[in-house]
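This briefing is meant to be read beside the model, one topic at a time. Please begin with the question of confidence before turning to the packing and the charged pairs.

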Amino acid sequence: MSIEQQIEKLIGEERYEEALSLCETVNDTYQKSHVIRVQNARALHELYRYEEALEIIKTLDPSEESLITEAAIIIDWVSDFYYKNCDAPPYEIPVFINKAINICDRLIAGNTPYKLDAMYYKANALSAISEKTAYRLLLHEVIDSSPSDIHHLLARTTINLGNSYIEEGRYVEAIELYEKAVRRMPDFSMGWSGFGTGLSHAFYYSGREESCLLHMALFCFYRAEELVDRRKIRYAKAAENGLKYVLGGYKEKPKKEDITEWNPIAEKGKCATKENAAFEEFFYSIALNETLFLNLCLGCRKDDSYLLDKF
C-alpha cells in the first residue's frame, strides 16, 4: 500500500492525528506529492487547524480535490467562528465566503466528481450570508440528486434542512427530517442532537406537560453524547448544550438508565411503555393539526422506502 493510500485510509477512519503524522514523515515539501499535500490540508481541516490547512492549499496548483478542500475549509471556518468555536478568519468574511461560492460554482458547472459536495458547501455558504431560501432550495437539490447509498452527505444535508425548519418554528417537519437522518446514520451524533432539539422545542411549543417528549429528547442527547468525537467541537457542544437544556425541563431529573431503555428507531415491540403510548397519542394530534402524518411513534418500523422520500 502506498503512503497516499495509507493516509487516505486513516482519514476515512477519522484517525486524523495519525494521518497528519504520516503526512509529516515526508519531510521535504518538494518531495511530497500533490495528493499528500491535499491530504495534509484535509487532516488539518478536520482538526480545526483551518489557517494551517489553507496555507497548504495556497501553495498547490488548482485541482478538483484541492478546490473542494479549499471551499470546505473556508465555509467550516466561518461557520465555526459564528458558533464561537474558533477565532475569526483573517479576511473580510463576505469576500471569503464569495470565494468559496465561486469555487463551488466552478466545480458544479464542470460536472466534476465533487459536484454534490460543492452543492452542499455552496448551500452552507448561502446560509452564512443569510440567503435562506436559496440555501434550502439547494439542500433539496442535493437530496434529490444524491444516490441513496451516500449516507453521510444525505444525513448532513437532511440535518441542515431540519435546522432551517427549527429556525422558523416548524418543529414537526424538522423532527421528521432528523428522524430520517438518524435512521440513515444511527452512529452520527449530530443527527441525534438535531432529533433531541426538535423534540425539546416541540415540548415547549406545545404548552403541555408531556414528559414523554422530554424523555425522547433526553434519550437523543444522551445518545449524541455517547457517540460524539470530542475533537469535533461543534458536535460536542451541540450534545452538551442540548443535554443541559433538556434537563432544565425536569422538576426531578430521571435516572439515566430509565431514559436509555427507550429508543426512537428500535424495532416494533422493543421499547413500548406507557410513556411511549402517551407520546403516540400526543404526536398524532400534532401531525393531524399540522396536516402531516409523521410516523414517528414508537412501535413502528419503517421500510427502506422511507429514506428515499423526496421532501
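Residues 267–280 keep a pLDDT under 50, and over this stretch the model has 22 contacts beyond four places in sequence; pLDDT is the predictor's confidence in each residue, from 0 to 100, and a contact means heavy atoms within 4.5 Å. Residues 290–311 also have a pLDDT below 50, with 54 contacts in the model beyond near neighbours in sequence. Where pLDDT is low, the predicted coordinates should not be read in detail.

This is a predicted model, in which local features need pLDDT of at least 70 and side-chain atom pairs count only at pLDDT 80 or more, while totals for chains, interfaces and linings use all residues. Residues are numbered from 1 along each chain as its sequence is written, and side-chain values use heavy atoms, with hydrogens and water left out.

**Confidence**

- The protein chain has an average pLDDT of 80, and 79% of the residues score at least 70.
- Among the elements of the chain, helix α6 has the highest mean pLDDT, at 95, whereas helix α15 (residues 274–289) has the lowest, at 48; helices (H or I, at least four residues) and strands (E, at least two) are DSSP runs, numbered from the N terminus.

- Helix α7 (residues 115–128) has 14 residues and should span 20 Å at 1.5 Å a residue, which agrees with the 20 Å between its end C-alpha atoms; the expected span is 1.5 Å times one less than the number of residues.
- Because 11 of its 14 residues are buried, α7 is largely enclosed by the rest of the structure; buried means under 20% relative accessible area, exposed means over 50%, and partly exposed lies in between (1.4 Å probe, protein chains only).
- The buried residues of α7 include L116, M119, Y120, Y121 and L126, and also K122 and N124.
- These buried residues pack against α5 (64–82), α6 (93–109), α8 and α9.
- After α7 comes S130, which has a positive phi, near 65 degrees.

**Nonpolar core**

- The largest nonpolar core holds 93 residues, of which F195 and L199 touch the most other members; such a core is a set of buried Ala, Val, Leu, Ile, Met, Phe, Trp, Tyr and Cys residues joined through side-chain atoms within 4.5 Å.
- Helix α12 (residues 211–227) gives the most to this core, contributing 10 residues.

**Salt bridges**

- The count comes to 19 salt bridges, each being a side-chain nitrogen of Lys or Arg within 4 Å of a carboxyl oxygen of Asp or Glu.
- R136 and E168 form a salt bridge in which the closest N and O atoms are 2.8 Å apart; because R136 lies in helix α8 (residues 132–145) and E168 in the loop between α9 (151–167) and α10 (171–184), the pair ties together parts that are 32 residues apart in sequence.
- R136 counts as buried at 16% relative accessibility, whereas E168 is partly exposed at 46%.
- E13 and K9 form a salt bridge with their closest N and O atoms 2.7 Å apart; E13 is partly exposed at 36% relative accessibility, and K9 is partly exposed at 43%.
- E240 and K244 meet in a salt bridge at 3.5 Å, N to O, and both lie in helix α13 (residues 233–247), 4 residues apart, about one turn of the helix.
- E240 is partly exposed, with a relative accessible area of 38%, while K244 is exposed at 56%.
- Elsewhere, salt bridges that share partners join K9, E13, R15 and E18 into one network.
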